Amino acid sequence: MADFSEKVIYQIYPKSFQDSNGDGIGDLKGIIRRLDYLKDLGVDYLWLTPIFPSPQRDNGYDVADYCSVNPMYGTMEDVEELIAEGRKRGIGLMFDMVFNHTSTEHVWFQKALAGEKKYQDYYMFRDGEPDQPPTNWVSKFGGPAWEYVPSLKKWYLHLFDVTQADLNWENPAVREELKQVIRFWKEKGIQGFRFDVVNLISKPEVFENDYEGDGRRFYTDGRHVHEFLKELVADTGIADMITVGEMSSTSLENCVRYSNPAEKELSMCFSFHHLKVDYKDGQKWELMEPDRMALKGLFKTWQEGMQAGHGWNALFWCNHDQPRIVSRLGDEKTYWKESAKMLAASIHLMRGTPYIYQGEEIGMQNPHYQSIEKYRDVESINYYRILMEQGKSQEETLEILAARSRDDGRTPMQWDGQANAGFSQSEPWIPMGDTSQEITVEKQLGDETSILSFYKKLVALRKELPVIARGDIAMIEAENADVLAYRRTLDDQELIVWNNLTGGETEVGAPEGTGWKLVLGNYEDGQAEGNADGRMRLRPYETVALGRNL
Ligand code: TEU
Ligand code: CA
């Protein structure tokens, strides 16, 4: 299987990237217009979240037709042009395959509803009484995971929204349909795939109530998931393409299997444990200060564990489901620049393939919405109601949403000083963030000290220094909760990276021996100070990377 250790992927949320026709919605022509910017950043692939026809209940993760383009985004010709223009610039396109479920508007589901047995077997239908769902499982977006269809006297499973019906992967005909989708896009020239919640595709043989949780333990990394993936990859010939699986609540053991090249499943995995260290008791909708020790522990487990098992991590802080990382683990005000750069360095220099989510490279922040009317996300709107029903005040509920909503990451890309930060000439489909005039690409492009320039440096460094792409990793400074630090080694090459996760000063052990040179720092005047006693002082959110024999 191919090696993607030197590659960097840029994630585009098309709806919010660049509007080209003034309808307030980003589109494919808009992306084409920004390809030179992306080439300049140095990224190798663009992952586009779904652009297929969809009722947009979940912004395209409710697919109604896998092999066409939603007119809102453009045409098939636009996709072809994007592929061709990307290729000219050495940039490949990755498409997002939402294969765990379809929209209930998909023709398969419509035929199932109309009574066609063949298509009923494409989904997880179960006979039952209207007051007796097959299990007590809870949807990831709140409420029951089953919906009753009175005309059929059957329930269907939806792990996500009620309009996202889970597919039945046990049915070989379903697997064949999905392979056809891959073949179709591969033929068009798509160079890689991201598979949405792909570790949830294999459901249990017998459905039972979960008296301990929401049901996930019965279908996460399910019994046939590895088999199904191997078959999909083999039968579509994508083993050498770049592929990433989104793994929901997964385990290290399974991710090793998903991404170990010998297994011929996927090139790499997204896992999310490191993005739950500020969930109180594991609850997304309960706020808590981030637990830095837990964060360090998780990186140790996943970095060293994946290495030991020959697995490969996708490295990321941000995506379209997550709040902005500088708002979450950094400092939006005093140390905005320093903390955004530190957070970037902390993951880009690890072992794995880094992902940059649109706007992250300029340090975009959460939008700080103050009313429910601003939100668009189905999950946020559901939880607004659920949290209020639980008796929380409106103020508290809005505070939780402002910190946790998926819309935090979905505000339009901030390009320049024009109206709507150059995203669109009309009112955007979702309100701009409150720092859309201050934080723009335009302001950072020519500035050597900008966050954007720092990201460019990180992308370039990965291609320059093999120790970053291919070196081994060992976490260091285990006792110091304030610092995320690790050592990378490749033959005699060494790189040590320290990241101060806090807004205070802290000390770390200086490296032993001689020959160390500063590879990267996020303070303009060079590097942290060394002490005579072999300690090194780190300033607020400081990153220092020292290397030798590089
Ligand atoms: O997300 C899967 C997923 O479980 C989440 O990240 C989800 O947003 C979170 O659990 C909610 O708290 C993927 C997509 O990235 C997301 O946008 C889709 O909504 C979801 O699958 C369903 O297709
Ligand atoms: Ca548009």
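I began with the residues around ligand 1 and sorted them by class: nine are charged, four nonpolar and three polar. The model I am reading is a predicted one.

I then listed the shell itself. It holds 16 residues around ligand 1. The closest are Asp58, Asp196, Asp321, Glu379 and Arg406.

Next I looked up polar contacts to the ligand. For Asp58, I noted a polar side-chain atom 2.5 Å from an oxygen atom of ligand 1. For Arg406, an N or O atom of the side chain is 2.8 Å from a ligand oxygen. For Arg194, the side-chain N or O atom is 3.2 Å from an oxygen atom of ligand 1.

Where does ligand 1 sit? I found ligand 1 in the largest pocket.

Arg194 is in strand E9, and its bridge partner is Asp96. Strand E9 covers residues 192-195 and runs parallel to strand E3, residues 92-97, with four bridges joining the two.

I followed E3 and E9 into their sheet. Eight strands make up this open sheet, with parallel pairing, in the order E11-E10-E9-E3-E2-E1-E15-E14. I marked E11 (268-270) and E14 (314-315) as the edge strands, each of which pairs on one side only.

Last, I looked at E12 and E13. Do these strands run parallel or antiparallel? Strand E12 (residues 279-280) and strand E13 (residues 283-287) run antiparallel, joined by two bridges. I noted that Lys280 stands opposite Gln283 in E13. The two strands form a hairpin, with two residues between them. In the turn, I recorded a positive phi of about 50° for Asp281.

Technical notes
Residues numbered from 1 in each chain as written. Chains lettered and ligands numbered in written order. Predicted model: local features only at pLDDT ≥ 70, side-chain atom pairs only at ≥ 80, totals over all residues. Heavy atoms only, no water. Pairing = 2+ DSSP bridges. Near = heavy atom within 4 Å. Polar contact = N/O pair within 3.5 Å; in protein donor to acceptor, adjacent residues only side chain to side chain. 1 Å grid on protein atoms, 1.4 Å probe; cavity = no way out; pocket = protein on both sides within 12 Å on 5 of 7 lines; lining within 4 Å. Sits in = over half its atoms within 2 Å of the grid points. Nonpolar A, V, L, I, M, F, W, Y, C, P; charged D, E, K, R; others polar.
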